[in-house]
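Trainee: Could you take me through this structure one step at a time, please?
Mentor: Gladly; have the sequence and the model in view while we talk.

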Amino acid sequence: MKIIKVLGSGCKKCLETAELAQAVADEKGVAIKIEKVTDMAQIMAYDAMSTPAVVVDEKVVHKGSKPTKDQMAMWI
């Protein structure tokens, strides 16, 4: 199971990023766990100054914008 963390304040783009991750995982038949990280200290620990950011299995793969469906599919 992949662990996907969406780092951000809980803004609309952050929520859409989490929804996109779930939708892509469902399409691909991949089991994932989504964690929404809103604590600024935790976000800064990932060196993610721009949000939303996406962390897949503890590796930051994207920051600063909502990723595309194709990008999400590559990570999942």
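Trainee: In which order do the 4 strands of the open sheet lie?
Mentor: This is a predicted model, in which local features need pLDDT of at least 70 and side-chain atom pairs count only at pLDDT 80 or more, while totals for chains, interfaces and linings use all residues. Residues are numbered from 1 along each chain as its sequence is written, and side-chain values use heavy atoms, with hydrogens and water left out. Strands are DSSP runs of E with at least two residues, helices are runs of H or I with at least four, and both are numbered from the N terminus; two strands pair if DSSP finds at least two bridges between them. The pairing in this open sheet is mixed, and the order of its strands is E2-E1-E3-E4.

Trainee: Which are the edge strands?
Mentor: An edge strand pairs on one side only, and this holds for two strands here, E2 (32-37) and E4 (59-63).

Trainee: In E4, which residue is the bridge partner of Val-54?
Mentor: Strand E3, residues 53-56, is joined to E4 by 4 bridges, and the two strands run antiparallel. Within E4, the bridge partner of Val-54 is His-62.

Trainee: What angle does the direction of helix H1 make with that of E2?
Mentor: Helix H1, residues 12-28, packs on the sheet and touches strands E1 (2-7), E2 and E3, where contact means heavy atoms within 4.5 Å. Axes are lines fitted to C-alpha atoms, for helices over the stretch in contact, and angles run from 0 to 180 degrees between N-to-C directions. On that scale, the direction of H1 and that of E2 make an angle of about 175 degrees.

Trainee: Which residue is joined to Pro-52 by a cis peptide bond?
Mentor: Pro-52 is found in the loop between helix H2 (40-45) and E3. The cis bond has an omega of about 0 degrees, and the residue that it joins to Pro-52 is Thr-51.
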